[in-house]
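Here is a friendly walk through one protein chain, meant to be read with the model open beside you. Take a look at the sequence and the fold before reading on.

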Amino acid sequence: MKVVKKIILGLLLLGIVGVVTLVIVANILTAPVNPKDKEVIRFEVVENDTFYSLGKKLLDMDLIKSEFAYKVYVKLNKPDNLQMGI
């Protein structure tokens with residue numbers, strides 16, 4: 001019985017460490033690239049752009065830290081108000 005308790009406790013601790021790590025990584029990847037920079041940056045959305053295709057453009061302009069994190073954010077939040085323009 002002691003072995004089962006140790007295994008359960010180990011799995012529980014592993015799960016907690018995993019969740020904490022995930023939260024820390026998510027906060028790092030979704031934080032502003034440079035929070036002190038107040039410069040206004042013009043970004044154009046053209047006719048055939050999608051939320052997913054914008055990830056590459058945003059990354060190329062150093063406006064996001066991770067295209068993967070951006071795509072996960074879009075997948076989870078399902079935005080639907082993309083408009084063409086600057």
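A residue is called buried when its relative accessible area is under 20%, exposed when it is over 50%, and partly exposed in between, using a 1.4 Å probe and protein chains only. By that rule S66, with a relative accessible area of 15%, is buried.

Before going further, a word on what you are looking at. This is a predicted model, in which local features need pLDDT of at least 70 and side-chain atom pairs count only at pLDDT 80 or more, while totals for chains, interfaces and linings use all residues. Residues are numbered from 1 along each chain as its sequence is written, and side-chain values use heavy atoms, with hydrogens and water left out.

**Confidence and layout**

The predictor's confidence in each residue is given as pLDDT, on a scale from 0 to 100. The chain has a mean pLDDT of 86, and 95% of its residues reach 70 or more. Among the elements, α1 has the highest mean (91) and α3 the lowest (88). Helices (H or I, at least four residues) and strands (E, at least two) are taken from DSSP runs and numbered from the N terminus. Helix α1 covers residues 2–30, while α2 spans 51–60 and α3 spans 67–77.

**Around S66**

Let us return to S66, which sits in the loop between α2 and α3.

**The nonpolar patch**

L29 turns up again in a nonpolar surface patch of about 790 Å², made by L9, L12, L13, I16, V20, I24, V25, I28 and L29. Patches are built from residues with over 30% relative accessible area and no salt bridge; like charges are joined within 9 Å, and nonpolar side chains (Val, Leu, Ile, Met, Phe, Trp, Tyr) within 5 Å. The areas come from the Shrake-Rupley method with a 1.4 Å probe, and for residues only the protein chains shown count as cover. Two patch members are worth a click. V20, in helix α1, is partly exposed, with a relative accessible area of 45%. V25 lies in helix α1 too, and at 39% relative accessibility V25 counts as partly exposed.

**Salt bridges**

Side chains of opposite charge can pair when their charged atoms come close. How many salt bridges does the structure hold? There are three, each being a side-chain nitrogen of Lys or Arg within 4 Å of a carboxyl oxygen of Asp or Glu.

| Salt bridge | Distance, N to O |
|---|---|
| D49 and K57 | 2.8 Å |
| D60 and K56 | 3.0 Å |
| K71 and E67 | 3.4 Å |

D60 and K56 both belong to helix α2, four residues apart, about one turn of the helix. D60 is exposed at 52%, and K56 is partly exposed at 44%. K71 and E67 are separated by about one helical turn because they are four residues apart in helix α3. K71 is partly exposed at 32%, and E67 is partly exposed at 21%.

**Distances across the chain**

T30 is part of helix α1 and is exposed, at 53% relative accessibility. T30 and F68 are 38 residues apart along the chain, with 11 Å between their C-alpha atoms. V25 and E47, by contrast, are 22 residues apart in sequence and 33 Å apart in space, C-alpha to C-alpha.

**Two backbone angles to check**

D62 has a positive phi of about 60° although it is not a glycine. D62 lies in the loop between α2 and α3 and is exposed, with 55% relative accessibility. K78, also not a glycine, has a positive phi near 45°. You will find K78 in the segment after α3, where K78 is exposed at 64% relative accessibility.
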